[in-house]
Amino acid sequence: MSRYVVLEHRLDDGRVHWDFMLEADSVLWTWQVKEPVETWNGILTCCRLVDHRITYLGYEGPVSRNRGEVRQVDAGEYILIESGADRLTVRLDGQVLDGIVRLEQRDDNWVLIYTRGVG
């Protein structure tokens, strides 16, 4: 199984978002989500970010170049169910998230669809 992590990313100006990261080879595929992980249910808008360093799987603290700080709010393992250029489906087994996440690119936007406790 591969690992995943969700980091709360608090920027210096007070804004907050959550980074959903999936281990893929030697990087973390990353999506930015505006809602706290505890409230994830159904369809959420997200933004695909550049791949992050694998060290973020276990990292908490300041982010380089004065981009705030991160703290881990969930972590666990995932199983890849489906993968394509504009979609990805995984089964999560984590401390907070336990269910299916489907990521889909719709036009220029991405959505994260979370279904709790299935699979």
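This is a predicted model: local features need pLDDT of at least 70, side-chain atom pairs count only at pLDDT 80 or more; totals for chains, interfaces and linings use all residues.
1. Asp-107 is exposed, with a relative accessible area of 73%, where exposed means over 50% relative accessible area, buried under 20% and partly exposed in between, computed with a 1.4 Å probe and protein chains only. Asp-107 sits in the loop between strand 8 and strand 9, and its phi is near 60°, a positive value in a residue other than glycine.

2. Residues are numbered from 1 along each chain as its sequence is written, and side-chain values use heavy atoms, with hydrogens and water left out.

3. Asp-25 also deserves a look: it has a positive phi of about 60° although it is not a glycine, and it belongs to the loop between strand 2 (16-24) and strand 3. Asp-25 is exposed, its relative accessible area being 77%. From Asp-25 to Gly-68 the separation is 43 residues in sequence and 27 Å in space, taken from C-alpha to C-alpha.

4. On secondary structure, the chain has zero helices and nine strands, and its pattern along the sequence reads β-β-β-β-β-β-β-β-β. Helices (H or I, at least four residues) and strands (E, at least two) are DSSP runs, numbered from the N terminus.

5. Strand 4 (residues 42-53) takes part in two of the pairings described here, where two strands pair if DSSP finds at least two bridges between them. With strand 3 (residues 27-33) strand 4 runs antiparallel, joined by six bridges, and within this pairing His-52 in strand 4 is the bridge partner of Leu-28. With strand 9 (residues 109-116) strand 4 pairs in the antiparallel sense over five bridges, and here Cys-46 stands opposite Trp-110 of strand 9.

6. Strand 7 (residues 87-94) pairs in the antiparallel sense with strand 6 (residues 69-84) over eight bridges, and the two form a hairpin with two residues between them; Val-90 in strand 7 is the bridge partner of Leu-80. Strand 7 also pairs with strand 8 (residues 98-106), again in the antiparallel sense, over seven bridges. Three residues link strand 7 to strand 8 in a hairpin, and Leu-92 stands opposite Gly-99 in strand 8.

7. The C-alpha atoms fill a box of roughly 40 × 30 × 25 Å along the principal axes.

8. Of the 119 residues, 43% count as buried. The chain exposes about 6,600 Å², of which carbon and sulfur atoms supply 47%, with areas from the Shrake-Rupley method and a 1.4 Å probe. Among contacts (heavy atoms within 4.5 Å) between residues at least 6 apart in sequence, 41% join residues at least 24 apart.
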